[in-house]
Structures are given as structure tokens and as C-alpha cells.
Amino acid sequence: MKTMLTLLWAALSLGSLSAQNGTLEQVFENYLSVKNALVLGDGKSASESAGKLKEALKMTDVSNWSPAAKKAFSQAKEDLLKEAHAISSTQNIEKQRASLGLLSAKLWPVIKEPGSLDRAVYYDYCPMKKAYWLAEEATIKNPFYGKQMLSCGKVEQKIN
């Protein structure tokens, strides 16, 4: 019986850690959907993805996060929600792109906290817009100009 309880406790603990990581992973995945829609110039998809991002942000559970990660998220959450709402409430691609720059600048301090995500994340810079975005790969795909200047920009930082 004691062994069963120990195994049950271990499974539940692992499940809560996965849920915590999954929640930030979900935030990042929804962010990437917004960013990728803007790369393609698809304001409708960006709006829909930003709505999902907003919901993921609202449901983020930071109870198992490090103190530094909790602080970074609590400082950024209101602004993240504001920018996600701004993107979700319009299909105007230029307004969405402006909000993406602000959203990215607020999300990066959360993402770059040690142990936040178990994957590579790139912090890219667009010198023409003087704005940043997050990406899942080193190849530059500029969401601020899309097809017009798809490869304009550079990787500023990388975390794994």
C-alpha cells in the first residue's frame, strides 16, 4: 500500500510539473502562431491566435515556478494581456505588428528565465522597426515586414 501511495504521489507531482511547463509552453505556442500569421500577412489568423494567447495567459499557473520567473511573469502579465487583446481585436496587420513588438519585449524576460522552457528560443531584432520578436528557429522570418523583407533582421540572443 505504501508503495502504491508513493507511486501515486510521484505521478501526481510529475503531472503538476508537466502542467506548469505545458502552460508556459502553451503561451509560447500561441505567441508563435500570432508571429507566424504576421510573417504570412494573415491578420485574421493573427487575431484568432492572439485570442488563444490571451486565454493561455489568463490560465497560466506559476505556483511551481522559480521566484525570478514568477516575478518576471507578474510584472509582464498585464501588458502581455493588453497587447494580446490589441492584436485579437483587429485584423489591421500594421496595428497587429506594432503590438507584436510590445508583446515580444514583455514576453522575453519571462521566457529567458532558466528552466522556463525546454527548447531553443531565439530573440530576433528588426533594425528597420527597431523591434524584437521571439522565434523557434535561427532562420530569420521577419513578422514586421513579412514577404516584403522576410529575411531582414538578426538573432540577438538564444536560450535553450
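This is a predicted model: local features need pLDDT of at least 70, side-chain atom pairs count only at pLDDT 80 or more; totals for chains, interfaces and linings use all residues.
**Helix packing and a loop leucine**

Visitor: How many nonpolar residues does the contact of H3 with H4 have?

Guide: H3 brings residues including Phe73, Leu80 and Ile87, while H4 brings Leu100, Leu103 and Val110 among them. Two polar and three charged residues also belong to this contact. The nonpolar count is 13.

Visitor: Turning to H2 and H3, at roughly what angle do their axes cross?

Guide: Helix H2 covers residues 43–58 and helix H3 covers residues 67–88. Their axes come within 8 Å. H2 is roughly antiparallel to H3, because the angle is over 145 degrees. The axes cross at roughly 155°.

Visitor: And which class has nine residues in the contact of H2 with H3?

Guide: On the H2 side, Ala46, Leu53 and Leu57 are among the residues that meet H3, whose partners include Phe73, Leu81 and Ile87. Four residues of this contact are polar and three are charged. The class with nine is nonpolar.

Visitor: Is Leu150 buried, partly exposed or exposed?

Guide: Leu150 sits in the loop between strand E2 (131–135) and strand E3 (154–159). There, Leu150 touches Val39, Ile140, Lys141 and Asn142, leaving aside residues up to four places away in sequence. Its relative accessibility is 36%, so Leu150 counts as partly exposed.

Methods: Residues are numbered from 1 along each chain as its sequence is written. Side-chain values use heavy atoms; hydrogens and water are left out. Axes are lines fitted to C-alpha atoms, for helices over the stretch in contact, and angles run from 0 to 180 degrees between N-to-C directions. Helices (H or I, at least four residues) and strands (E, at least two) are DSSP runs, numbered from the N terminus. Angles under 35 degrees count as roughly parallel, over 145 as roughly antiparallel, 65 to 115 as roughly perpendicular and the rest as oblique. Contact means heavy atoms within 4.5 Å. Ala, Val, Leu, Ile, Met, Phe, Trp, Tyr, Cys and Pro count as nonpolar, Asp, Glu, Lys and Arg as charged, and the others, Gly among them, as polar. Buried means under 20% relative accessible area, exposed over 50%, partly exposed in between (1.4 Å probe, protein chains only).
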